[in-house]
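Subject: Structure handover

Hi,

Here is the structure I promised to pass on to you. Please have it open while you read, and my notes on what turned up follow below.

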Amino acid sequence: MKKILLQIVFFLSATIAMAQTDIQFSILKAEADGMSASVTNALDLKLRQVFDRNGAGAADLYNVFAIEPTISVEKIISTKDGVVLDVPIAQGELVLIAKNIIDGAEYYSTSIELEGESLGSKDKAMKSMIKGIKVTDPAYKQFINTARKKIEEYYSTNCAFILQKAKALYNQQRYKEAISYLSAATANIPCYDQAYALQEQILAKLGTKPDTVIVEKVVEKPVVVEKVVEKPVVVEKIVEKPVPAAAPAAPKCEITISMNDLEFRILSCKGEPTQRRITIKAEYVNQNVNIANGDISLDVVIDDNGKELPRENKAVIANGSSYEWISMPARVNLKHDFYIVNYDHPIETISYMKLKVRNGYVEIRNLKVDW
């Protein structure tokens, strides 16, 4: 009996993040007395642009990590514009709180000073301050990085509570929220094994078990060869045409993809001894028409000795960074190279790799390196 195992895993849930840098945030609507809907919407749009620009915006409706914003006008001052005109300037602040919408935990907050023209109503002053928010301001990147670190620290010191809350969501059949709630349970926390086992249990409820096809019996049928009568063939002229070389066969490996609207395959995996570099060429297709861009990262690499390589040995772009935010138009064959650099020995087989593509994960096992 021959068994052919086809592993096609479709994760119908939010991203299972295995690294603190993968935590994404939803933006909550600002709530304040006297704030108009137009101001609220303007702030919501601007903050989504900020977090998307920094690779931290969540598209999943079930994401549990959120940013609660508050904007206020502190005072109005006058400045000289030109020679005689007094221009009233509104000075205020934007307060951002990183929190968990399931258990109410607040991980980190920051206050950012804003300024804008104050011509007319308070609404106009607020809109002017919001318009002045720069998506490239490093203060927002610093806030995101610190919030992610604080979340990891919180999960590390509150393991028992995290597992209890996740199990409660599971018992309420709120599976996708439970997966998102566990997404910050990294390998660095004490209860990682229990959290990972619970994730597997939840995913089983979502119908993500691998499909197994079993071939019980192969029946070979005899081939009847009829008698062939050879006839003379008149060959007038033979024109030789170049035959295009066949594309090299893709290296054999096991690939698991966490999203059913993402396609991924390995084209080649070649070692370059003189440069101490392994280049993995891949091709992928984003089938989700609602997502036009996303991040690419090389999160985990385990070599043929079972050793996990540090961050400095992993890269997704030429300058050595292990993360990149790129355009991903839907239904287009896209290619990307991943690199293992400065390794301490020639790796014959990459035992395990974990990549992030868009908001999904690709796991690769037993990838042979062509030297």
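Let me begin with a pair of helices: α4 and α6 run roughly parallel to each other, since they pack at an angle of about 10 degrees, and angles under 35 degrees count as roughly parallel. Their axes lie 11 Å apart. On the α4 side the contact is made by Leu-163, Ala-166, Lys-167 and Tyr-170, and on the α6 side by Gln-194, Ala-195, Leu-198, Gln-201, Ile-202 and Lys-205. Sorted by class, these residues of the α4 and α6 contact are 6 nonpolar, 2 polar and 2 charged.

Before I go further, please keep in mind that this is a predicted model. As for the chain as a whole, it holds 6 helices and 15 strands. Of its 371 residues, 43% are buried. Among the contacts with a separation of 6 or more, 69% are between residues 24 or more positions apart. The chain exposes about 21500 Å², and carbon and sulfur atoms supply 52% of that area.

**Two further helix pairs**

α6, which spans residues 192–205, also packs against α5. How are the two arranged, and how far apart are their axes? The angle is about 155 degrees and the axes are 10 Å apart. Angles over 145 degrees count as roughly antiparallel, so α5 is roughly antiparallel to α6. The crossing of α5 past α6 is left-handed. From α5, the residues involved are Tyr-175, Ala-178, Ile-179 and Leu-182. They meet Ala-195, Leu-198, Gln-199, Ile-202, Leu-203 and Lys-205 of α6. This contact of α5 with α6 has 8 nonpolar residues, 1 polar and 1 charged.

The remaining pair is α3 (residues 138–157) with α4, where the axes are 5 Å apart and the angle is about 90 degrees. Because 65 to 115 degrees counts as roughly perpendicular, α3 and α4 are roughly perpendicular to each other. Tyr-154, Tyr-155, Ser-156 and Thr-157 of α3 make this contact with Cys-159, Phe-161 and Ile-162 of α4. By class there are 5 nonpolar and 2 polar residues in the contact of α3 with α4, and no charged ones.

**Two buried residues**

α3 also holds Ile-144. Is Ile-144 buried or exposed? Its relative accessible area is 0%, so Ile-144 is buried. Leaving aside residues up to four places away in sequence, Ile-144 touches Phe-25, Phe-51, Asn-54 and Ala-56. One of these, Asn-54, is 90 residues from Ile-144 along the chain, yet their C-alpha atoms are separated by 8.2 Å.

Leu-43 sits in helix α1, residues 37–53. With a relative accessibility of 1%, Leu-43 counts as buried. Leu-43 touches Ala-30, Pro-69, Ile-71, Leu-94, Ile-130 and Ile-133, again not counting residues up to four places away in sequence.

Most residues other than glycine have a negative phi. Gln-173 is exposed, at a relative accessible area of 59%.

Arg-331 is another non-glycine residue with a positive phi, near 60 degrees. Its place is the loop between β12 (323–327) and β13 (333–341). Arg-331 counts as exposed, with 59% relative accessibility.

Finally, Asn-342 lies in the loop between β13 and β14. At 47% relative accessibility, Asn-342 counts as partly exposed. Asn-342 touches Arg-276 and Asn-313, when residues up to four places away in sequence are not counted. The C-alpha atoms of Asn-342 and Pro-273 are 9.9 Å apart, and these two residues are 69 residues apart along the chain.

Best wishes

Terms used
Residues numbered from 1 in each chain as written. Predicted model: local features only at pLDDT ≥ 70, side-chain atom pairs only at ≥ 80, totals over all residues. Heavy atoms only, no water. Helix = DSSP H or I, 4+ residues; strand = E, 2+ residues; numbered from the N terminus. Buried < 20%, exposed > 50% of the residue type's maximum accessible area, 1.4 Å probe, protein only. Contact = heavy atoms within 4.5 Å. Areas by Shrake-Rupley, 256 points an atom, 1.4 Å probe, with all protein chains shown as cover. Axes fitted to C-alpha atoms, helices over the stretch in contact; angles between N-to-C directions. Left-handed = near helix turned anticlockwise from the far one by under 90°. Nonpolar A, V, L, I, M, F, W, Y, C, P; charged D, E, K, R; others polar.
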